Amino acid sequence: MSAADPSSNQPAPSSDQASSGQIDHVLIEERLFPPSEAFTQRAVISTQQQYESLYAAAKDDPDTFWRREALEHLHWFEPFDQVCQWEAPDVKWFVGGKTNASYNCLDAHVAAGNGDRVAIHWEGEPGDTRSLTYRELTDEVGKCAAALKSLGIGQGDVVSLYMPMTPELPIAMLACARIGAVHSVIFAGFSADAIADRNNDAEAKLMITADGLYRRGKVLKLKETVDEALAKSPSVKHCLVLRRIGDDQETPMTAERDVWWHDCVDTQPTALEATPLDSESPLFILYTSGSTGKPKGILHTTAGYNLWAKKTFQWVFDHRDDDVYWCTADCGWITGHTYFVYGPLSAGATCLMYEGAPNQPAEDRFWELVEKYRVTILYTAPTAIRTFIKWGDEHVDKHDLSSLRLLGSVGEGINPEAWMWYHEKIGGGRCPIVDTWWQTETGGIMMSPLPGITATKPGSCTRPLPGVVPIIFDESKRPVTGDQGGMLCMAQPWPGMLRGIWGDPERFREQYWETVPGYYLAGDNARRDSDGYFWIMGRIDDVINVSGHRLSTIEVESALVNHAAVCEAAVVGRPDAVKGQAISAFVTIRDREPDEALREELRLHVRKMIGALAQPDEIRFTNTLPKTRSGKIMRRLLRDIAEGKESAGDTSTLEDYSILAKLREQDN
């Protein structure tokens, strides 16, 4: 997840530059915004010396540091024997110990006398509401866990979730964790084919979904999409269905496979206790796009991930018992996993959960919710911030946002202009902004301001958290010096790190560990300025970040080529003021005349195969693509065309120069 967006002020590096670790254009930002004295006085980390001491301890004596943190912050059914076993890339944390993430999120708070604290305030898009205390949430999760067992789900079985943002989604996630099942949450916007691909890769045994969801005032029937996916998912034996959109909607149910949530979960006579699980027991798989095209199932395990989620939440968000915390991310993405479910709930936070769109019924909905629930911490994406700016300040001005004390940014780069608007208009100039950099693979935040001590610079993720040891390498695999760009790597294991790619250990080694042997390759270019602040400069590989969602160019190209009219396709990203990046596709066709009807047909085809978020923003038709004489598509030149720039750099290997002029002539 990129934490800086230099492309708004400077040209982006070419693909050749990015792949070699070279950064020619950097964002120079010298404005500093220190926290107020009042904020610092109450902060969890309130002095620079405190941070330096924590950082040094985690770096120089990680066993002692993480032993203390694990014993203090997690419940152990059985103690661990060893803190860390590490031989890159293989790692095990808290070896021999037994714990349970569901217990740490729920039962531990009830046992500590905090069962009556609200865990989740939920608001549906139509305006229906529900609040669950930690005691009530524990009971609901226990009943769901019992229902999973009744459907034949046991430890190690994979359960796919394709659900709306209702309390039953985190309930199902925590129910899986409670019995040692492995959850695989699929964003409820992916197509049937994308669901089936993930089901089959994980060999999922159970699917949990809903009859539908509400989105921008409309009902989307999830079950119909799931039925299409399950026709291609032979490993799935049962489908558990939540009734969300009501009795008046007809929902197809397949006998002996499908069962209603209210018939299976709500009728459980007793709740199920949490199962003691090995520290390295798989907790979840989350599929993310990669440069090879095939989505990869990132595997996270129990104890290390749980501890990292909790500690980073406490450090970065300066959590206090009276906070009302709102992470606006969907649970279909890693941000929802770590900073709506496992981190905040392990810390005993009160969280807001919202089902719908930010402009339903009106464009002030987010600010209405902040005022209604007196939200104190808001964690959202730059895409949303840029959209709010576009909608106009009048929607913000209608509401009292004085409850806010801390703002966060996640998912992609936030350009300085959006940062300043967020700081001044939403935060009233008084709220620190924690601009966080991390990835699905890292499990949690790796670099971020600490709000009580860090003087922030718009666009920089500032400094690493305790336990994170970043190093930047040039194309020769040598550490860079000074304010230079290069490949961002990690030199030391951390508890929340991924344990592999599901079913593909060779891809795991090749993608993350072989480029700079012994070091984790983040896949981002970065630089470190003279103040020691880190700036993330974009992806090394060809992954497009659309509204914080990483999409492989090859995956989109494959969907286009799947259409009968398409011979060849190349996909690149270009800067977009709202989404961060937009998708530009260059397509050669056969047996048809290119026209607007075909353009729309191709967009819908990609939407069906992958999902709406992968639909190209523009499609340009061409007789041939710009290639080297050896047949390699020159995506760097296509990116220049998409951005409306003249091509720079070496074009001596280009086979046919006239192609570039023809492509530039097209308006889309």
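Q: Before we start, what are the ground rules here?
A: It is a predicted model: local features need pLDDT of at least 70, side-chain atom pairs count only at pLDDT 80 or more, and totals for chains, interfaces and linings use all residues. Residues are numbered from 1 along each chain as its sequence is written, and side-chain values use heavy atoms, with hydrogens and water left out.

Q: What pLDDT does the protein chain average?
A: The average is 89, and 90% of the residues score at least 70. pLDDT is the predictor's confidence in each residue, from 0 to 100.

Q: Where is the pLDDT below 50?
A: Residues 1–27 are one such stretch. Beyond near neighbours in sequence, that stretch has 77 contacts in the model; contact means heavy atoms within 4.5 Å. Residues 648–653 are also below 50, with 13 contacts of that kind.

Q: On to rings. How many aromatic pairs are there?
A: A search of the whole structure finds 37. Rings of Phe, Tyr and Trp (its six-membered ring) pair if their centres lie within 6.5 Å; planes under 30 degrees apart are stacked, over 60 edge-to-face, the rest tilted.

Q: Why is the F284 and Y305 pair called edge-to-face?
A: Their planes are at 80 degrees, so the pair gets that label; the ring centres are 5.0 Å apart.

Q: Which elements hold them?
A: F284 is in strand β14 (residues 282–288) and Y305 in helix α12 (residues 303–317), so the pair ties together parts 21 residues apart in sequence. Helices (H or I, at least four residues) and strands (E, at least two) are DSSP runs, numbered from the N terminus.

Q: Buried or exposed, those two?
A: Both F284 and Y305 are buried, meaning under 20% relative accessible area (1.4 Å probe, protein chains only).

Q: Which residues form the aromatic cluster?
A: F65, W66, W76, F80, W93, F94, W308 and W315.

Q: Which ring does R243 sit over?
A: The charged end of R243 is over W260, 4.3 Å from the ring centre. The test is NZ of Lys or CZ of Arg within 6 Å of the ring centre and within 35 degrees of the ring normal. K457 lies over the face of Y533, at 5.0 Å.

Q: New topic: which strands does β4 pair with?
A: β5 (residues 129–133) is antiparallel to β4, over 5 bridges. β17 (residues 350–354) runs parallel to β4, with 4 bridges. Pairing needs at least two DSSP bridges.

Q: What stands opposite I120?
A: L132 in β5. H121 stands opposite L352 in β17.

Note on methods: Buried means under 20% relative accessible area, exposed over 50%, partly exposed in between (1.4 Å probe, protein chains only).
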